[in-house]
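Subject: Structure handover

Hello,

Here is the structure I said I would pass on. Notes on what was found in it follow below.

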Amino acid sequence: MSISQLAKDLKESATLAMTEKARILREKGEPVISMAAGEPKTKAPIDAILACAAKLTAADIQYTPTEGVPALVKAIIRYTEDNYGKVIGPEHVMATAGAKQAFYNLMVTLLNPQDEVIILAPYWVSYPEIVKLVYGKPVIVRPEDGRFVPRMEDITRAVGSYTKVLVVNSPNNPSGAVYPADLIGELVEFCEKKQIYLVMDDIYHKLVFNGVRAVSCYDYARDHSENSRLIVINGVSKSYAMTGFRIGWVIANKKVTRAMVNVAGQNMTCPSVVLQAAAIGALNGVQSSVENLRLLLQNNRDVMMTELNAFTGVRCIPPDGTFYCLPDFSAYEKDDIKLAQFLLEKALVVTVPGSEFGAPGHLRFTYCGTVKEIMEGVARVKWALDPESPNEIYIGDRKFRRDWL
Ligand code: PLP
């Protein structure tokens, strides 16, 4: 059976693959600690559940407009005004089946084959693959060694006559870095001048720590006309702990939105009306769950940093947002894919290799589990790698012996 070259060339999502491995091991009864998944473990807000249940109970489950029901579009408009200070109309909004699909539909809408998309490393695994899916060309800009924030001069150097889009994800998956306001300002100015679409993936913008703020691109925009090439992606997945609900959205100028709605109309018709109801519930409901999640993650992040800092040879830039961190393990093992597999096998800890995010030598750790999981997860990694650690430990009720150092 033959499949397309495009499908053959596509990489499997590393995070999903590692999460699946953890699930299989756990099903076999292995005491696995997963520090790989990209989702909070808290419950979805009650307002989302009630709105969703009410929709189901009414049994009125039909297609909706492609861009989303008017109540969801209205909730997104209000969210944009409250959180960005930006006034938009319904013609600038499209709801999607998650932020991932938002990015995919946007790329279908914007790119011609061979158009280039600037992606800043370390980057979310799906950006390059989605760009390739629509026959675009990802152009990766790497930061200086030991840093997670790119330099403006490296970005400008990467831009050429085929550059159509620049993607910014701050707070950043996988590093947790929040780009400084000055850089966002320079990027907005640069993209406006060069007529490049600046796509801000703001999915983590509310999950920031210790007073750090993820600034909005709109704060620096000079062009407020319908020609503006600023595009914002967001959604309920992360801040509202609603990953399984699959609702995201895009804010763009009228022309792009109209074209994107056409594209989405042909590939998904509309996001599920039941899940849209849940998103409306979350966006219009009591917002305390977002702040509670942020505080929980901030505490987990502090625990994670304390544990990692006690680990000789491992360097980790403290994350200012998200629920990820990206420590450098190259002092122990340069091949991070091998290292992640080793840790899974020997210590039953699931991490994601940094190479998948354009950061070789690193491992991505998630800290959205419990404090106990974080402490034990890092302790197991330390045991497996650090020759100073005791030779034997108990994982669950099994004794593990280190016979490889
Ligand atoms: N953008 C970034 C940077 C992400 O890390 C993720 C999920 O991991 C997404 C988008 C996808 O979000 P959603 O679950 O809403 O599709």
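Two strands are taken to pair if DSSP finds at least two bridges between them; strands (E, at least two residues) and helices (H or I, at least four) are DSSP runs, numbered from the N terminus. This is a predicted model, in which local features need pLDDT of at least 70 and side-chain atom pairs count only at pLDDT 80 or more, while totals for chains, interfaces and linings use all residues. Residues are numbered from 1 along each chain as its sequence is written.

Strands. Strand 11 (residues 352-353) pairs with strand 12 in the antiparallel sense, over two bridges, and Pro-353 stands opposite Leu-363 in strand 12. Strand 9 and strand 12 also run antiparallel and are joined by two bridges; here Cys-325 is opposite Phe-365. In a regular strand the side chains alternate between the two faces of the sheet. In strand 12 (residues 363-366), Leu-363 and Phe-365 point one way, Arg-364 and Thr-366 the other, and all are buried (20 or more other C-beta atoms within 10 Å of the residue's own, C-beta atoms being placed from the backbone; exposed is 12 or fewer, partly exposed in between).

Helix 13. The 15 residues of helix 13 (residues 371-385) should span 21 Å at 1.5 Å a residue, and the end C-alpha atoms are 21 Å apart, which agrees; the expected span is 1.5 Å times one less than the number of residues. Its buried residues include Ile-374, Val-378, Val-381 and Leu-385. Among the elements covering the buried residues of helix 13 are helix 11, helix 12 (336-347) and strand 13 (392-395).

Domains. The chain is divided into domain 1 (5-43 + 288-401) and domain 2 (46-284), with bounds from an automatic or database domain assignment. Their C-alpha centres lie 27 Å apart. The contact (C-beta atoms, placed from the backbone, within 7 Å) takes 33 residues from domain 1 and 32 residues from domain 2. On the side of domain 1 that touches domain 2, helix 11 gives the most, with seven residues. The residues of that side divide into 15 nonpolar, nine polar and nine charged. Ala, Val, Leu, Ile, Met, Phe, Trp, Tyr, Cys and Pro count as nonpolar, Asp, Glu, Lys and Arg as charged, and the others, Gly among them, as polar.

Ligand. 13 residues surround the ligand, each with its C-beta atom, placed from the backbone, within 6 Å of it. The closest are Gly-98, Ala-99, Lys-100, Asn-173 and Ser-237. The shell divides into three nonpolar, eight polar and two charged residues.

Regards

Methods. Two residues are in contact if their C-beta atoms, placed from the backbone, lie within 7 Å.
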